[in-house]
Amino acid sequence: MTSPTRVYLARLAGVAVFDPNGDLVGRIRDAVARLRPTQRPEIVGLVAEMPMRRRIFLSINRITSIDAEAVVLGTGTLNLRRFEKRPNELLVLQELLDRRVQLDPGGQSGAVVDVAMECSRGGEWNLTRVAVREQTGRLARRGHLHQVEWERVRGLTGIADTRGTANLLAVLEDMRPADLANVLQDLPDARRNEVAAALDAERLADVLSELPERDQVEILAALDRERAADVLEEMDPDDAADLLNELPPPEQDVLLDLMQPDEADPVRQLLKYSPGTAGSVMTSEPVIMAPDATVAEALARIREPQLSPAVAAQVFVARAPMTTPTGRYLGMVHFQRLLREPPADLLGGVVVNDIDPLQPATPLPEITRRMATYDLVAMPVIDQNNRLVGAVTVDDVLDHSLPRDWRDRDAIAAPSAVT
């Protein structure tokens with residue numbers, strides 16, 4: 001193996017894993033150590049995340065190179081069985097980062113910020129050093145950072161006391177919401193709730209949207225109600241409505257009352273529609289513009305980074321007001337049409353209205369059939385007064401067409417090996 005003799009494991013989080021041909025296999029998420037009564041823990045492998053959120057075990061003996069840029073495997077044959085920790089094993093990043101420990105001699109208390117593994121002459125990787133930051137008791141001052149031998153730290157194994165989340169969050173900072181949701185599913189419930197509570201409201205809202213309904217409800221229930229309402233405000237109205245639908249009606253009412261009225265109103269509207277209909281799955285905040293807006297203004301609008309690709313794929317044109325329910329719906333313009341038209345042209349002159357909009361009561365199978373027939377990524381939903389009340393996007397359809405547990409990695413089956 002061609003690697004540094006000492007590797008700090010927090011720096012490996014997110015590093016790409018390549019097979020011998022240079023093809024991307026996945027990304028490192030953790031390291032697995034085997035606990036031994038009288039010796040330092042031995043690193044037996046790494047945990048890598050594959051596409052479709054599957055975590056697999058990579059034996060340390062199958063790895064030819066480890067550094068901060070890449071992990072390279074010596075074989076193209078992988079065991080794709082989902083990783084499960086054994087009783088005598090330790091997930092280093094998940095279980096040790098932010099753990100409250102004490103240093104010998106002296107007994108200073110601190111929190112673990114990183115752990116190093118080193119390769120012995122016999123090729124065995126062991127946990128050898130721990131980076132611990134002292135607790136100062138002062139909010140504005142960071143404690144001294146110690147890098148000490150494993151044996152000098154007390155409290156690394158056994159049941160952890162209440163601990164912080166700063167160092168684990170630093171490791172997870174650059175993850176996509178779907179990947180972070182995947183990490184949270186692997187944590188024990190108490191630790192998952194601690195990490196979720198430490199995320200800012202916008203980040204937590206994005207992550208909740210990627211979790212199974214069961215986990216969404218449990219995390220939301222662990223927050224105080226004001227904090228839960230803040231998170232719901234940051235969610236897309238359709239996602240917030242889906243989550244509230246999993247709660248008892250009295251709890252729904254309490255949280256909606258705590259939300260800002262302009263954030264709660266579209267969620268209340270969505271909750272009125274029957275499950276499995278266009279009204280229940282649509283987003284109430286598509287891109288809506290007036291007919292006298294220009295093509296250039298429309299292109300600028302759909303470039304806004306907070307818009308999802310499906311929502312940004314088209315502009316819906318309606319009379320004022322521009323929020324749902326709008327004035328009279330006129331039609332839509334796909335972004336490809338916008339790219340072909342002169343920037344100064346008006347949307348009213350390029351609008352398309354030759355496809356009948358959906359009604360709020362249109363059932364999901366009919367929505368799927370019509371979107372497939374016309375190759376659309378979104379369809380407008382209008383009420384009986386021809387007002388635009390929302391749009392159903394292809395990701396809404398997929399989300400509600402798949403089994404309810406499709407986000408739960410325990411429900412995903414996969415072959416045991418691939419070459």
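Mentor: Helices are DSSP runs of H or I with at least four residues, strands are runs of E with at least two, and both are numbered from the N terminus. This is a predicted model, where local features need pLDDT of at least 70, side-chain atom pairs count only at pLDDT 80 or more, and totals for chains, interfaces and linings use all residues. Residue numbers start from 1 along each chain as its sequence is written, and side-chain values use heavy atoms, with hydrogens and water left out.

Trainee: How many helices and strands does the protein chain have?

Mentor: For a sense of scale, its C-alpha atoms fill a box of roughly 75 × 50 × 40 Å along the principal axes. Counting by DSSP runs, the protein chain has 15 helices and 20 strands.

Trainee: What share of the residues in the protein chain is buried?

Mentor: Buried means under 20% relative accessible area, exposed means over 50%, and partly exposed is in between, with a 1.4 Å probe and protein chains only. Out of 419 residues, the buried share is 49%.

Trainee: Which residues touch the most other members of the largest nonpolar core?

Mentor: A nonpolar core is a set of buried Ala, Val, Leu, Ile, Met, Phe, Trp, Tyr and Cys residues joined through side-chain atoms within 4.5 Å. In soluble globular proteins, nonpolar side chains tend to be buried together. The largest core here has 102 residues, and the ones touching the most other members are L9, I43, V92, M117, L127, L208 and V392.

Trainee: Which helix gives the most to this core?

Mentor: L208 is one of the residues touching the most other members, and L208 is also among the buried residues of α5. With 5 residues, the helix that gives the most is α5.

Trainee: At what angle do the axes of α3 and α5 cross?

Mentor: Two packed helices are described by the angle between their axes and the distance between the axes. Axes are lines fitted to C-alpha atoms, for helices over the stretch in contact, and angles run from 0 to 180 degrees between N-to-C directions. For α3 (residues 177–186) and α5 (residues 201–208), the axes come within 8 Å and the crossing is roughly 80 degrees.

Trainee: Is α3 roughly parallel or roughly perpendicular to α5?

Mentor: Under 35 degrees counts as roughly parallel, over 145 as roughly antiparallel, 65 to 115 as roughly perpendicular and the rest as oblique. Their crossing angle of roughly 80 degrees therefore makes α3, relative to α5, roughly perpendicular.

Trainee: Which residues of α3 and α5 make the contact?

Mentor: Contact means heavy atoms within 4.5 Å. On the α3 side there are P177, L180, A181 and L184, and on the α5 side R203, D206 and V207.

Trainee: Where is P325?

Mentor: Most residues other than glycine have a negative phi, and most peptide bonds are trans. T324 and P325 are joined by a cis bond, with omega about -10 degrees. A320 and P321 are also joined by a cis bond, with omega about 5 degrees, and P321 sits in the loop between β16 (314–318) and β17 (329–334). The place of P325 is the loop between β16 and β17.

Trainee: Is D98 buried or exposed?

Mentor: D98 has a positive phi near 75 degrees although it is no glycine, and it lies in the loop between α1 (92–96) and β10 (100–103). Its relative accessibility is 2%, so D98 counts as buried.

Trainee: And D375, buried or exposed?

Mentor: D375, also not a glycine, has a positive phi of about 55 degrees. Its loop runs between α14 (364–374) and β18 (378–382). With 68% relative accessibility, D375 counts as exposed.

Trainee: Which residues is D238 in contact with, leaving aside its neighbours within four places in sequence?

Mentor: D238 is in helix α8, and at 7% relative accessibility it counts as buried. Setting those neighbours aside, its partners are L270, V281, M282, T283 and D396.
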